[in-house]
Amino acid sequence: MPTTARSPEGTSPEGPSADVVHPHLLPTRIADYRLVRLLGTGGMGDVYEAEQDRPRRRVALKVIRPERTSAADRRRFAHEAEVLARLRHSGIAQVYAVGTAGTESSPLPYIAMELIHGVPLNEFVRTRALATRERVELLADIADAVAHAHAHGVIHRDLKPAN
């Protein structure tokens with residue numbers, strides 16, 4: 001399968017169902033998603049803003065990194081996807097789809113979820129000059145979402161303002 005990729009500044013025709021992620025290039029497509037930009041990188045994968053073909057919408061697409069595609073890593077990622085897809089809470093991004101795209105070297109698992117536009121929590125609080133009561137209410141809302149996740153077996157191991 002040929003590899004189609006683009007630099008962050010460049011463009012190229014749409015590629016196959018999944019493109020190999022090169023350290024200095026963004027893939028153009030993963031399955032039914034056109035990648036728009038990299039949003040963040042974590043221990044297991046990268047999260048992109050992407051446009052879904054059908055229905056046409058912007059999503060956050062978490063993709064396991066190619067170097068993390070061992071059988072054990074794929075099982076862990078699949079378990080995460082299954083658990084997250086069952087969560088229903090206004091403070092937790094909704095999972096839309098879970099899948100695996102084929103590549104030349106190995107399957108590339110992904111999770112498509114609700115795209116939430118925002119800023120890190122500390123920046124949100126600072127720029128809005130929230131009063132103490134508003135800060136406490138915000139913290140209570142966050143704690144409620146985390147408690148919901150915990151009650152369903154999800155332990156977030158990286159809680160910080162940016163997440």
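**Close-up views of the predicted model**

View 1. R65 is buried, with a relative accessible area of 16% (buried is under 20%, exposed over 50%, partly exposed in between; 1.4 Å probe, protein chains only). The structure is a predicted model, in which local features need pLDDT of at least 70, side-chain atom pairs count only at pLDDT 80 or more, and totals for chains, interfaces and linings use all residues. Residues are numbered from 1 along each chain as its sequence is written, and side-chain values use heavy atoms, without hydrogens and water. The loop between β6 and α1 is the place of R65 in the fold. When residues up to four places away in sequence are set aside, R65 touches T41, G42, G43, M44, G45 and D46 (contact: heavy atoms within 4.5 Å).

**View 2. An open sheet of six strands.** The strand order is β3-β4-β5-β6-β8-β7, and the pairing is antiparallel (strands are DSSP E runs of at least two residues, helices H or I runs of at least four, numbered from the N terminus; pairing needs at least two DSSP bridges). At the edges of the sheet stand β3 and β7, each of which pairs on one side only. The antiparallel strands β7 and β8 are joined by six bridges. T100 stands opposite P109, a residue of β8.

**View 3. The largest nonpolar core and a second one.** The largest nonpolar core comprises 22 residues (a core joins buried Ala, Val, Leu, Ile, Met, Phe, Trp, Tyr and Cys through side-chain atoms within 4.5 Å). I30, Y33, L61, V63 and Y110 have the most contacts inside this core. Two or more core residues come from each of β4 (33–41), β5, β6, α1 (71–85), β7 (95–101) and β8 (108–114). Apart from residues up to four places away in sequence, the neighbours that Y33 touches are T28, A50, E51, Q52, V59, L61, A97, Y110 and A112. A second core is separate and has six residues, among them L87, I92, A149 and V154.

**View 4. The salt bridge between D53 and R29.** The side chains of D53 and R29 meet at 2.5 Å, N to O (salt bridge: a Lys or Arg side-chain nitrogen within 4 Å of an Asp or Glu carboxyl oxygen). D53 belongs to the loop between β5 (45–52) and β6 (57–64), and R29 to strand β3 (residues 29–30), so the pair ties together parts 24 residues apart in sequence.

View 5. Twelve salt bridges are present in the structure. One of them links D73 and R68, whose closest N and O atoms are 3.2 Å apart. In this pair D73 is buried at 13% relative accessibility, while R68 is partly exposed at 22%. Another salt bridge links E82 and R86, with 3.5 Å between the closest N and O atoms. E82 is partly exposed, at a relative accessible area of 43%, and R86 is exposed, at 59%. Elsewhere, salt bridges with shared partners join R34, R37, E49, E51, R56 and R58 into one network.

**View 6. L121 in helix α2.** Helix α2 (residues 121–128) includes L121. L121 is partly exposed, with a relative accessible area of 32%.
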